[in-house]
Amino acid sequence: STPVIVRSGRKVVLTAVGRVLLQHGQQVLDLLDSLGDEVRYVRDGTSGRVRMMLSATPMQVLAPSVLTILREHRPGLRLQAMQAHSQTSVRALRGGETDVAVITRISHTEELIAAGLLSSSLLTVRGPELTGMLEVPLFVDSLVLLVPADHRLARQDSVRLDDVGTERVITGGTELDAEMPPSRGPSDQDTAIVATNVLAIRELVAAGHGVAVMGSTTAATFTQSDVRVLDFEPHITRTHSGVVWERLASVDAIRGTLDALVQAGSARMFAG
C-alpha cells in the first residue's frame, strides 16, 4: 500500500499521494454540498429562496430595481440580499453560503495596489476562483479621485496615479477593506483616517483632511460645490458582474434572479 502520511521528526506530514487525496476529498465534499443545493432548487422551483451577495455599488444601484422586478414578476420567490466584498461573495458562492454573487472587477489593479490605493486581497477576484461558474457583465463605471474644491489638483480634469504623490488618502468606504493599510500619508506621524461610510468620506474630503478613491457611481450622487471628482488617466474601469454556478444557471429561481440583474444593469447603462 502507498503511505499517505510519514513521520518527520516529531511531526506527521502528508506525502504527495496524501496531498492529492486531501485535495480531491475536499472537492467531493464540495460536490455533495452543491448537489444538495441543486436538489433544493429543482424541488422549490420559482417559489424558493435565493440568497444574493452584492458588492457596495451594485447594492446601491441594482438591488432596488432587482427587488422591484422580482416582486412584480416572481412574487413567490423570496430574495435575501446582503452586501459583501467581491472576494467574500465568491468564497460564499463556492462554499454554498450564497446562490448569486454580484462582484466588482477593477482594471489596473497592480498599479493601484502598488500605489497603496487598493487592497491586494478582498477586492481582487482572479480567474481560477471562478472555475465552473458563469459570469455575466451587468454594467461598467470607473474609479475616480475625490479632492477638496481648493486642492492643488482641483483645476485638472484628470489625474495620474503618481499625481496623488504623498497626499493623505482616506481609506475605507465602499471599495476598500480591513486589510488596507491605514490612511496613506506624507509621513508616519500624520493622522490616519479610515472611514467605512462614503458620506463620512465625502465630508472629510470637503473639510480638507485628505483625498479619497471611490466609484464614479457613488461620487456622482454627491453635491460637488466643495469637492471635485477627477477621472484617472489612464481610465480605471470597474466591471460589475453577476456570478452563479454554471450547473445551476438554468434552474428557474436562479435564472430569474440573474435575468432581473441583467435587466437592472441594462437600465443602469442606458441611464448613464
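**View 1. Helix α4 holds T88.** T88 belongs to α4, which spans residues 86–94; helices are DSSP runs of H or I with at least four residues, strands are runs of E with at least two, and both are numbered from the N terminus. The model is predicted: local features need pLDDT of at least 70 and side-chain atom pairs count only at pLDDT 80 or more, whereas totals for chains, interfaces and linings use all residues. Residues are numbered from 1 along each chain as its sequence is written, and side-chain values use heavy atoms, with hydrogens and water left out. With a relative accessible area of 26%, T88 is partly exposed (buried means under 20%, exposed over 50%, partly exposed in between; 1.4 Å probe, protein chains only). The C-alpha atoms of T88 and L54 are 9.7 Å apart, and these residues are separated by 34 residues in sequence.

**View 2. H108 has a positive phi.** The phi of H108 is about 55°, although this residue is not a glycine. H108 is located in the loop between β5 (100–106) and α5 (109–114). Its relative accessibility is 28%, so H108 counts as partly exposed.

**View 3. Strand β12 pairs with β5 and with β6.** Two strands pair if DSSP finds at least two bridges between them. β5 and β12 run antiparallel and are joined by 6 bridges; T104 has H240 in β12 as its bridge partner. β6 (residues 133–148) also pairs with β12 in the antiparallel sense, over 9 bridges, and M133 stands opposite W245 in β12. Of the 9 residues of β12, 7 are buried.

**View 4. A cis peptide bond joins E233 and P234.** Omega at this bond is about 5°. P234 lies in the loop between β11 (227–232) and β12 (237–245).
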